[in-house]
Amino acid sequence: MRNRYRDGNAKEHALSAVVFVEVKTSNGLSIGTAFHVGSGYFVTARHVIEDNEITKVGQSDLSSKTRINPDGSPTRQTMFQNFEKSGREIKRFEHPDASVDVAIIQLTGNLGARGAARDFQPSMELADNADVLTEGELLTTEVKVFGYPPIPFAINPQPPLVTSPGEICAVTTDRTDKRRHLIISSLARGGFSGGPVFLVGNPQVEASAEFL
């Protein structure tokens, strides 16, 4: 998949397409990540929501930009305001094959300042760029991992999005699902599950991504 935006706001679009997913498990509250692919549908990892109750989906404002006025005071402008959604207007769809770690979350109704969930923006465009590249083209490609791992002592009103650098260090075919897997060296940990991994620095896969 890839970020469809190619303008000066590409960073804000990419950040603002990623949301946190809070779930209630048998051991208490946990958190994962999802990303928007259009019309209020968000892709996540199956294990984030499987056998768990989705209690909340949301996002802080990651698109705000600061301008310093002549008198030194700041003015902030934003494209995508923060939101939270809970309750029956969150729908879930898990892949029918239990071995496939993919699920869909659909937000419905209204998202406050973000408008109707079906009109949610921004989104990421699905594509197969990374699938057609060779092992040699992919190896050492720089990546950025996006997710919502718990941060001890953080008092943010909403979970903060965390980004982590890494690179593709191996390309393998898994013997269980026969699919090609990209092995990534990164500090990603619990909470990053379901989030996008952006491939950068390769003109053939500009702003492309796979997800954990």
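Begin by selecting T141, which lies in the loop between helix 4 (135-138) and strand 12. Helices (H or I, at least four residues) and strands (E, at least two) are DSSP runs, numbered from the N terminus. The model is predicted, so local features need pLDDT of at least 70 and side-chain atom pairs count only at pLDDT 80 or more, while totals for chains, interfaces and linings use all residues. Residues are numbered from 1 along each chain as its sequence is written, and side-chain values use heavy atoms, with hydrogens and water left out.

Is T141 buried or exposed? T141 is buried, with a relative accessible area of 7%; buried means under 20% relative accessible area, exposed over 50%, and partly exposed in between (1.4 Å probe, protein chains only). Display the side chain of T141: it reaches the backbone oxygen of L138 at 2.7 Å and the backbone oxygen of E137 at 3.2 Å.

Next, select G166, in strand 13. G166 is also buried, with a relative accessible area of 16%. Which residues does G166 touch, not counting those up to four places away in sequence? They are T141, E142, V143, S185 and S186, where contact means heavy atoms within 4.5 Å. The C-alpha atoms of G166 and S185 are separated by 5.3 Å, although the two residues are 19 residues apart along the chain.

Now show the strands around G166. Strand 12 (residues 142-147) and strand 13 (residues 162-173) pair in the antiparallel sense over six bridges; two strands pair if DSSP finds at least two bridges between them. Here V143 has G166 as its bridge partner. Strand 13 also pairs with strand 14 (residues 180-186), in the antiparallel sense and over seven bridges, and T172 stands opposite H181 in strand 14. The hairpin of strand 13 and strand 14 has six residues between the strands, and K178 in this hairpin takes a positive phi near 60 degrees.

Move on to an open sheet of seven strands, and colour them in the order 8-5-2-3-4-10-9; the pairing is antiparallel. Strand 8 (83-85) and strand 9 (90-94) stand at the edges with a single partner strand each, so one side of each has no neighbour in the sheet. The twist averages 30 degrees from one strand to the next, with axes as lines fitted to C-alpha atoms, for helices over the stretch in contact, and angles running from 0 to 180 degrees between N-to-C directions.

Then select V21, F42, I49, I54, V57, I105 and L107, which touch the most other members of the largest nonpolar core, a group of 18 residues. Strand 2 (18-25), helix 2 (46-49), strand 5 (53-59) and strand 10 (103-107) each give two or more residues to this core. A nonpolar core is a set of buried Ala, Val, Leu, Ile, Met, Phe, Trp, Tyr and Cys residues joined through side-chain atoms within 4.5 Å. Centre the view on V21: beyond its neighbours within four places in sequence, its contacts include I31, V48, I54 and I105. A second, separate core of 13 residues includes A17, F20, Y148 and F198.

Finally, display the whole protein chain, which has four helices and 16 strands. Of its 212 residues, 41% count as buried.

Terms used
A polar contact is a pair of N or O atoms within 3.5 Å; within protein, one must be able to donate a hydrogen and the other to accept it, and residues adjacent in sequence count only if both atoms are side-chain atoms.
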